[in-house]
Amino acid sequence: MTAERPHRVVVLALDGVYPFEMTIPVRIFGTAEGRAGEPLYEVLTCSLDGRPVRTSADFGVTVEHGAEAVATADTLVIPPFTCGVGEDAADRDWLSAELAEALRLLPEHARIVSMCTASYVLATAGLLDGRRATTHWNEAEHFQRAFPAVEVDADVLFVDGGRVLTAAGVAAGVDLCLHLLRRDHGSTVANRVARLCVVPPWREGGQAQFIERPVPHEERAGTSATRAWALDRLGRPLSLAELARHAGMSVRTFTRRFREEVGTTPGQWLTRQRIEHARRLLEATDLPVDRIAEEAGLGTGASLRRHMSRTIGVAPLAYRQTFRAAPPGPRTPAGLPAGAAPPRGGTLEV
């Protein structure tokens, strides 16, 4: 962040850009405000030549900036565009000379973010070599073959590699932008923006919940209602049998359906929900650690400390000190406040 202006997010709209993903940064970052109502980010949209851009829909968009805006970016976002994927994707012109020149304008301190199949741009430019990254699950297998130097993780919604970040398909761009808000300014700001945009502050389970799978017709009932029911009862013990009974399923069927929908086991999901509830209480209340552990269904303060140390690498009181005010302070190599961690559904590379 600079003292002269808010953190600048530059969205590079390429020919054939997908309109939804192109507008995610301005909706998320453009909504973020500080305590006095001041904007925390400035969002600019540019094209390579400053001219109108054809979209993947039946309309074009007019932008006010050319590639020179990339040189002013603190964060550069590249939305997906209709370059074409599939077996011949590696032969496509993912990195034209003009685009390569634009990327060279990016300041050394700036982050670069790809959404969905725009990961092909970063991979072609060599920015993902030796890194973990993600892309749309439907292209992950081909992406890995095309770029063997990249460690592709198709199970997560996004990967935070510090300066280089990749998001999976479509709405995962929302997840990653909210993660960056949380990384920059803490959970309070990110949660407020999520509420204003009427989206969840985070999503469970990664891409596994969206991958196509055949489901027997007789087992159409899902587990979402039981998950909502459980979230209202985190302060008391909840057994797998009780959860299955609420869903009207056998334990075996419930466990299988839960994993299909959420991408993890009921026990793992429940523990994460308890930890997240404890994190929210640490951020928003002055309750002692033992009381928070009880409210979250984690038993004792010692149990809460053990869970938080194992999952996010920081003790409850240190977490509270970091996120209550989200002040400027020491940063990890990935830009997180010291002791902070990415939300569920994402992967942090340090």
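The side chains of E295 and R291 meet in a salt bridge, with 3.0 Å from N to O; the term means a side-chain nitrogen of Lys or Arg within 4 Å of a carboxyl oxygen of Asp or Glu. This is a predicted model, in which local features need pLDDT of at least 70 and side-chain atom pairs count only at pLDDT 80 or more, while totals for chains, interfaces and linings use all residues. Residues are numbered from 1 along each chain as its sequence is written, and side-chain values use heavy atoms, with hydrogens and water left out.

E295 and R291 both belong to helix α11 (residues 289-295), where they are four residues apart, about one turn of the helix. Helices (H or I, at least four residues) and strands (E, at least two) are DSSP runs, numbered from the N terminus. E295 has 32% relative accessibility and counts as partly exposed; R291, at 40%, is also partly exposed. Here buried means under 20% relative accessible area, exposed over 50%, and partly exposed in between (1.4 Å probe, protein chains only).

Side chains of opposite charge can pair when their charged atoms come close. By the salt-bridge rule, the count comes to 15. One of them joins E276 and R279, at 2.9 Å from N to O. Both residues lie in helix α10 (residues 266-284), three residues apart. E276 is buried, at 4% relative accessibility, and R279 is buried at 4% as well.

Another salt bridge joins R132 and E151, at 2.9 Å from N to O. R132 is in strand β7 (residues 132-133) and E151 in strand β8 (residues 151-152), so this pair ties together parts that are 19 residues apart in sequence. Elsewhere, R227, R256, R257, E260 and E261 are linked in a network of salt bridges.

The next topic is aromatic rings. The whole structure holds eight aromatic pairs, meaning rings of Phe, Tyr and Trp (its six-membered ring) with centres within 6.5 Å; planes under 30 degrees apart count as stacked, over 60 as edge-to-face and the rest as tilted. The ring centres of W94 and Y120 are 4.6 Å apart and their planes are at 15 degrees, so this pair is stacked. W94 sits in the loop between β5 (75-78) and α2 (97-104), and Y120 in helix α3 (residues 119-124), 26 residues apart. W94 is buried at 2% relative accessibility, and Y120 is buried at 0%. Y120 also forms an edge-to-face pair with F143, 4.9 Å centre to centre, with 90 degrees between the planes. F81, W94, Y120, F143 and F147 form one aromatic cluster.
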